[in-house]
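User: I am new to this structure and would like to go through it in short steps. Please show it before we start.

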Amino acid sequence: MYPSIEKLRAIGFDQHALQAFHLIQSEPGSSPLQLARISNIQRDRFMLHDGASEQPAQLRPALYHALQSRAETLAVGDWVLFSQQDHAWIENILPAKNRLSRRNTEGQKQALVANIDLALLVMGLDHDFNLRRLDRYLTLCIANDVTPLLVLSKADCSPQAAEKMAQARAHLPAHIGLLALDGRGDSAREALLPWLAAGQTVVLLGSSGAGKSTLTNTLISARVQDTGAVRMDDSRGRHTTTSRSLHLCPNGACIIDTPGLRTISLDSDEAGIHAAFADITAQAALCRFRDCQHQDEPGCAVRGQISSDRLKSFHKLLREQSRESQTPLQKQAQLAKWKIISKSARNKRKSHID
Ligand SMILES: Nc1nc2c(ncn2[C@@H]2O[C@H](COP(=O)(O)OP(=O)(O)OP(=O)(O)O)[C@@H](O)[C@H]2O)c(=O)[nH]1
Ligand SMILES: [Zn+2]
């Protein structure tokens, strides 16, 4: 069945999705299926949106096993093909334009959202403000070809709003946009309007209590997402949003609100991290030494140009990535090496004391 493009456009159907659809449809033996977008996932319960309405669906076991063997998971924003029998069955998934994923505590890849055009990185101008954490979110986006925009919320109630905004501006590469706003008011909708083109899919990311659901409600002009009061002592939220969900904005963009992430362990390769820190990589080309670590080497072109926090983020993410990319054997070897080093250091100390 050919999809009703007009209807699907309302939920972000674009050229990429159309191409992916043709590719899957032209596979020999493929039976006619219907197209929809995953709008919500709660454990193993999926909601599908076809541009006009939503319905619950189940994952066909064959697809579940195929995804497992590729270590993939479905995410809100994925385009899928489903069959309609007693209820909807998800039969296939269209290759995504991009996916934002993280590693869970067991080190497995977990997709957060898929097919995203713009990520609003929502950070409160209260105790939530943290530039090192921001670097993680930026890397998550840039390494996956998603445009980030920093949205500093609670501008109305932070006495240091202007100061923190200047800090963020100095920290961020120049091409990354930044806005400070009160997420509850109409002014927030106006400030974000130029960023929300019709047919675009926008995701809101940030810690719990940062104001993502508040902003979602403002943008869709309705109270759909529950918002929760933040604890006064540390500005932490209470994890009010429990699942990712897709909403339609009156101007034609669609918005995915996400629950606050406690930690984001990145799932990027080294090239992705370098892309996210292109400002450092470009400056590093001007350092006197090719292997400059930008610490205390003479003739370093990075120190002084790039904030030390950003440099620390860069080194930390590269270290994490190199640990993650090791095979179990390499990890064992590394551990054994450290054991020898620390044993010899202990022995040295002992002989010193003796
Ligand atoms: N004054 C002010 N309060 C805000 C603003 N944005 C959010 N809040 C308040 O902050 C609290 C938390 O906001 P939420 O929108 O629930 O935060 P969230 O990021 O969705 O949190 P989770 O759903 O837990 O991930 C609520 O009490 C909001 O009213 C803002 O710009 N100004
Ligand atoms: Zn250097």
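Some questions and answers on this predicted model follow.

User: Which residues does the UniProt annotation "binding site" cover?
Analyst: The annotation comes from an unreviewed UniProt entry, and such annotations may be inferred rather than shown by experiment.

User: Is Cys292 buried, partly exposed or exposed?
Analyst: Cys292 sits in the loop between helix 9 (278–284) and helix 10 (308–324). A residue is buried at 20 or more other C-beta atoms within 10 Å and exposed at 12 or fewer. Cys292 has 17 such atoms, so the class is partly exposed.

User: Is His294 buried or exposed?
Analyst: His294 also lies in the loop between helix 9 and helix 10. Beyond four places in sequence, His294 touches Ala284, Cys300, Val302, Arg303 and Leu311. Because 21 C-beta neighbours lie inside 10 Å, His294 counts as buried.

User: How far apart are the end C-alpha atoms of helix 10?
Analyst: Helix 10 has 17 residues, and at 1.5 Å a residue it should span 24 Å. The distance in the model agrees with that expectation: 24 Å.

User: Within what arc do the buried residues of helix 10 fall?
Analyst: Arg310, Ser313, Phe314 and Leu317 are buried in helix 10. Seen down the helix axis, the buried residues line one face of helix 10, because they fall within an arc of 100°.

User: Which residues are exposed on the other side of helix 10?
Analyst: The buried residues of helix 10 pack against helix 4 (131–142), helix 5 (161–171), strand 14 (265–266), helix 8 (270–276) and helix 9. On the other side, the exposed residues are Ser308, Arg319, Ser322 and Arg323.

Methods
Residues are numbered from 1 along each chain as its sequence is written. Chains are lettered from A and ligands numbered from 1 in the order in which they are written. This is a predicted model: local features need pLDDT of at least 70, side-chain atom pairs count only at pLDDT 80 or more; totals for chains, interfaces and linings use all residues. Helices (H or I, at least four residues) and strands (E, at least two) are DSSP runs, numbered from the N terminus. Two residues are in contact if their C-beta atoms, placed from the backbone, lie within 7 Å. The expected span of a helix is 1.5 Å times one less than its number of residues. The arc is that of the directions from the helix axis to the C-beta atoms.
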